[in-house]
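Biologist: I have the sequence and the model open side by side. Could you walk me through what the coordinates show?

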Amino acid sequence: MSTTLLLYGDSGDGKTAQVGELAEHVMITTGKRTRLYCADSGGWATVQPYVNLKVIEPIDCTNLPAWEMLDAITKGKVLRGGKWVEDLPPDLGMIAYEGYTGLADLLMQSLAKDAAKGKNVGGQAPAVRFTQGEASFASNSPAHYGIVQGQLTTCSQESFRLPVEYVVWTATARRAADNDTTATVLGPQIVGKALTSEVPRWFHYTFRVMAIPPDELTKRPGSHRLYFSDHTDMTLQGAKGLGNDRLPLDADGLPPFIEPASVVKALDLIRRGSGQAEAKIAARLAAKS
């Protein structure tokens, strides 16, 4: 079973760089490559050295029919000769999706284009639809949000069953209200607000990556942090940043964050903590036998 990770943060916080670090770790420890499905218009320049060295195989998903593409890539398929075909070679150790936010945008854009053509998807008409010259335009209807949320939920969880060591998704950060407490939380941006507080629980581990700007007053250089679990959001007073390290109760506690950010170090600390917990439980069971 794959280890599933969600990395989220604002643009420029270093999410893609963490994918590159983990891809390097996978190559060093297993000799296997990483496939990066990229739906973000900014591309993969951050990890271009890994692409050049054949550590990462990038696949540009930005100009493909969105719905068919999402279904295909979450099944590990690639486009060949105009057709999506399954391609999961044994030397593939990790699959990464960059990411939730870009894929959601592509799906919503596709639905808006259909609405502009007069197609009613979801049973609700868009609030705005107009024509200028030979071009037609429309907004998204309220029903579109639920349709996209549902498809992203189904397809991303389909990806968790792929036969690789790691499945990694990234997302831009979003501030939204928690569905249960109405408190402000910071989590992954999908589409609308409904999934922001829900998505982290789908993954084995959810880490927030955050860029810390330099402080001229204290002469502190800029850096990047990786947060393990729920934390106080530095960018919005009173908000809670979401995270999930799934550390057993008997494990020694983790630091609130790693600075500089390192997903490889984070996973190593979690594994060590789980081993500590197992040793403590085994000792208690032995004492009572």
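Biologist: Let me start with a single side chain: is Lys-75 buried, exposed or partly exposed?

Modeller: Lys-75 counts as partly exposed, at 31% relative accessibility, where buried means under 20% relative accessible area, exposed over 50%, and partly exposed in between, with a 1.4 Å probe and protein chains only. Please keep in mind that this is a predicted model, in which local features need pLDDT of at least 70 and side-chain atom pairs count only at pLDDT 80 or more, while totals for chains, interfaces and linings use all residues. Residues are numbered from 1 along each chain as its sequence is written, and side-chain values use heavy atoms, with hydrogens and water left out.

Biologist: Which residue does Lys-75 meet in a salt bridge?

Modeller: The partner of Lys-75 is Asp-71, at 3.3 Å from N to O; a salt bridge here is a side-chain nitrogen of Lys or Arg within 4 Å of a carboxyl oxygen of Asp or Glu. Asp-71 is itself partly exposed, at 28% relative accessibility.

Biologist: And how many salt bridges turn up in the whole structure?

Modeller: The search finds 16 salt bridges. One of them joins Arg-33 and Asp-91 at 3.0 Å, N to O. Arg-33 lies in strand β2 (residues 33-38) and Asp-91 in the loop between β5 (83-86) and β6 (92-98), so the pair ties together parts that are 58 residues apart in sequence. The strands and helices are DSSP runs numbered from the N terminus, with helices being H or I of at least four residues and strands E of at least two.

Biologist: Changing topic, which residues of helix α3 are buried?

Modeller: In α3 (residues 66-73) the buried residues are Ala-66, Met-69, Leu-70, Ala-72 and Ile-73. They cover an arc of only 165° around the axis, which puts them on the same side of α3, the arc being that of the directions from the helix axis to the C-beta atoms.

Biologist: What do they pack against?

Modeller: The buried residues of α3 pack against β2, β4 (77-80), β5, β6, α4 and α5 (142-159), with contact meaning heavy atoms within 4.5 Å.

Biologist: Where does Lys-54 sit?

Modeller: Lys-54 is in the loop between α2 (48-52) and β3 (56-60). Lys-54 has a positive phi of about 65° although it is not a glycine, and Lys-54 is exposed, with a relative accessible area of 63%.
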